[in-house]
Amino acid sequence: MTSDVKELYQQLIVDHSKSPRNCRVLEGADASAEGHNPLCGDRVTLFVKLEGDRVKDLSFQGNGCAISTASASLLTEVLKGKTRAEAEALFTSFHDLVTGHGAKDSGPELGKLKVFAGVSEFPVRVKCATLVWHTLRAALARVQQPATDADAAHAR
Ligand code: ZN
């Protein structure tokens, strides 16, 4: 990676951490989940609205470091309109990227998510970058189950 590209990536992370996109409670969300990264103190709540198998809308609220906030912000942009399977494939590629295993050629195009490639140089930051993805999976797993009063209360 050239230093110019690195600079550009850092700027995008700073931009998303200072002005996070879709940072709000999602009205009428089908599911939500909370994630916590005790290593850094990051907290995130993710809201998902589905249309059949597709993510129709998503948003988040959180309190964390620049990496976790930027990751949540970019996730809400990138995953809008994706199916569950596409989201799962992106998670795998993203996880490979930030853990330094390199995105597999067969995986989906990560696009903007590539800005987190530098995280692989800082293993302690990997959990910051992946927190919102784990939270998304927890939220999606909840939708498959029949809605209960407990879930409704959790969605607030
Ligand atoms: Zn963090």
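# Salt bridges, zinc site, sheet and core

User: Which residue forms a salt bridge with D57, the closest N and O atoms being 3.3 Å apart?

Analyst: A salt bridge requires a side-chain nitrogen of Lys or Arg within 4 Å of a carboxyl oxygen of Asp or Glu. With its closest N and O atoms 3.3 Å apart, the pair in question meets this rule, and the partner of D57 is K80.

User: How far apart in sequence are the parts tied together by D57 and K80?

Analyst: The model is predicted, so local features need pLDDT of at least 70 and side-chain atom pairs count only at pLDDT 80 or more, whereas totals for chains, interfaces and linings use all residues. Residues are numbered from 1 along each chain as its sequence is written, and side-chain values use heavy atoms, with hydrogens and water left out. Helices (H or I, at least four residues) and strands (E, at least two) are DSSP runs, numbered from the N terminus. Because D57 belongs to strand β3 and K80 to the loop between α2 and α3, the parts joined are separated by 23 residues.

User: Is D57 buried or exposed?

Analyst: Buried means under 20% relative accessible area, exposed over 50%, and partly exposed in between (1.4 Å probe, protein chains only). K80, at 40%, is partly exposed. D57 has a relative accessible area of 15%, so its class is buried.

User: Which helix contains R84, the salt-bridge partner of D53?

Analyst: The closest N and O atoms of D53 and R84 are 3.4 Å apart. D53 lies in the loop between β2 and β3, so the pair ties together parts 31 residues apart in sequence, and the helix that holds R84 is α3.

User: What is the distance between the closest N and O atoms of R137 and E88?

Analyst: R137 is partly exposed at 35%, and E88 is partly exposed at 34%. These two residues form a salt bridge, with the closest N and O atoms separated by 2.4 Å.

User: What spacing do the donors of the zinc ion follow along the chain?

Analyst: Donors are N, O and S atoms within 2.8 Å of the metal (3.2 Å for Na, K and Ca); water is not among the atoms, so sites may look incomplete. The protein donors are SG of C40, C65 and C128 together with two OD entries of D42, at 2.2 to 2.7 Å from the zinc ion. Along the chain, their spacing is C-x1-D-x22-C-x62-C.

User: Which helix holds C128?

Analyst: C128 is buried at 1% relative accessibility, and C65 is buried at 16%. C65 lies in the loop between β3 and α2, so this pair ties together parts 63 residues apart in sequence, with C128 in helix α4.

User: What is the order of the strands in the open sheet?

Analyst: Two strands pair if DSSP finds at least two bridges between them. Seven bridges join β1 to β2, residues 42–51, and these strands run antiparallel. The open sheet has three strands with antiparallel pairing, in the order β1-β2-β3.

User: Which residues touch the most other members of the largest nonpolar core?

Analyst: A nonpolar core is a set of buried Ala, Val, Leu, Ile, Met, Phe, Trp, Tyr and Cys residues joined through side-chain atoms within 4.5 Å. The largest such core has 39 residues, and those touching the most other members are F116, W133 and L136.

User: Which helix gives the most to this core?

Analyst: β1, β2, β3, α2, α3 and α4 each supply at least two residues of the core. The top contribution is nine residues, and it comes from α4.
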